[in-house]
Amino acid sequence: MVWFSSDQEPSWESTSILLLVGAGYWILVFVVPTLTLLFLHLCRHRKAWERSLSKSAFRNTFFLWDKVRGRTNAFVHYYMGKWIDNLRVAFMLVIIVANIGTSIEKQIGPGWGILMLVGGIYLTFDFFFRTTLLPLERSTWWWLFSYHTGCTAFSLSSAIVAGLGFESWLNLNFLLVIPFYFAVVKVIYGSLAKDPRFLDVAYADSASLKQYVVAWSAYLFFLCVSFAGIFLTLEVLGNPDGFADWSVTIDGWNFLTGTMFSLVTITTVGYGNLTPDSYPGIIFMSLVIVFGIFYIAHRLSILFTQISKFRQGGGSYRRSLLGR
């Protein structure tokens, strides 16, 4: 084996190993904050009336943890500003570009492998630093159980393993596009709570409505990129003839063509120049089509309803009522 590179053929076995490693990474998301809490609980000075395992003692430890997070957040913003958020976006983009390159070349070269490894290690430290020492922008349950955390766990663990040369070019790095969207929102708007996707369009002005449209369009694109990775995985591993005997249609699959196919499918355009050739790919395509019909219809109905309200009254009557 050559470090930082791999030319092994994709298989269900290697993909299963990546899933197990990603699950272990996700478990660490639970373990590391728990160990941090226990460390603070054992090290902090407790009053004489506090029992070490009582609820009040742990409650005071949580208060101390929040104080540590607040001071760390102030330190980071004072000395680093937005650099830490910009670096997160840059390293995520590096891994995504490396994933595109390896899917086209059908192998992991030393250059791509080093980029994956360095990006995966940095983002891992960044993720656990934000989880344990910075204030959570959403609830603890959201950070532990959300699909955002799951995609982060599986993609970063895959980037590190693939970067070391232990896995093939077909991996789970593509799942990083979902955390990438949230990282971009953090850079542009300063907080995940200001994500325009959650805007109440019934009381939005024209500028906010534009942000709403752009945010949902970007999120739709990143969903298509993640679907492209799933299509590519299913087409390569689901081919009954094996990796070495690709048909003409499977040979056209890579990360870029998969993204194009996902966009065409989810918007129900259907060019037909690229089609799934495996049973898993066909089944997943059917699910994506159904999802696309309801998803696009729901978003367009909200958007057109708001546009019609602005055309009828110019939106001024709503803004005047809000201003009172």
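Predicted model: local features only at pLDDT ≥ 70, side-chain atom pairs only at ≥ 80, totals over all residues.
Is Phe231 buried or exposed? Phe231 is buried, with a relative accessible area of 0%.

## The overall fold

The protein has 12 helices and 0 strands. The chain counts 324 residues, and 45% of them are buried. Take the contacts with a separation of 6 or more: 74% of them come from residues 24 or more positions apart. The accessible surface is about 17,100 Å². Carbon and sulfur atoms hold 69% of that surface.

## Aromatic rings

The structure holds 19 aromatic pairs. One of them joins Trp26 and Phe154. Their ring centres are 6.1 Å apart and their planes stand at 85°, so the pair is edge-to-face. Trp26 belongs to helix α1 (residues 12-43), while Phe154 belongs to helix α6 (residues 147-164). The two are 128 residues apart, and the pair links distant parts of the chain. Trp26 counts as partly exposed, at 23% relative accessibility. Phe154 is buried, at 16% relative accessible area.

Phe231 has an aromatic partner too: Phe261. This pair is also edge-to-face, with 4.9 Å from centre to centre and 85° between the planes. Phe231 sits in helix α8 (residues 206-237) and Phe261 in helix α10 (residues 255-266), 30 residues apart. Phe261 is buried, with a relative accessible area of 8%.

Some rings gather in a group. Tyr147, Phe180, Tyr181, Phe182, Tyr219, Phe221 and Phe222 make up one aromatic cluster.

The charged end of Arg69 is over the ring of Trp65, 4.2 Å from its centre. Lys106 lies over the face of Trp169, at 5.6 Å from the ring centre.

## A nonpolar patch

Which residues form a nonpolar patch on the surface? They are Phe75, Tyr78, Tyr79, Met80, Trp83 and Leu87. Together they have about 760 Å² of accessible area. Helices α2 (55-79) and α3 (83-105) each supply at least two residues. The most come from α2, which gives 3. Met80 lies in the loop between α2 and α3. At 33% relative accessibility, Met80 counts as partly exposed.

## Salt bridges

Side chains of opposite charge can pair when their charged atoms come close. The structure holds 4 salt bridges.

Asp85 and Arg88 are 3 residues apart in helix α3, about one helical turn. Both are buried. Asp126 lies in helix α4 (residues 110-133) and Arg88 in helix α3, so their bridge ties together parts that are 38 residues apart in sequence. Asp126 is buried, like Arg88.

Where does Arg130 lie? Arg130 lies in helix α4 along with Asp126, 4 residues away, about one turn of the helix. Arg130 is buried, and so is Asp126. Shared partners join the bridges into one network of Asp85, Arg88, Asp126, Arg130 and Lys186.

Terms used:
Residues numbered from 1 in each chain as written. Heavy atoms only, no water. Buried < 20%, exposed > 50% of the residue type's maximum accessible area, 1.4 Å probe, protein only. Contact = heavy atoms within 4.5 Å. Areas by Shrake-Rupley, 256 points an atom, 1.4 Å probe, with all protein chains shown as cover. Phe/Tyr/Trp six-rings, centres within 6.5 Å; stacked < 30°, edge-to-face > 60°. Lys NZ or Arg CZ within 6 Å of the ring centre and 35° of its normal. Patch = residues over 30% accessible without salt bridge, like charges linked within 9 Å, V, L, I, M, F, W, Y side chains within 5 Å. Salt bridge = Lys/Arg side-chain N within 4 Å of Asp/Glu carboxyl O.
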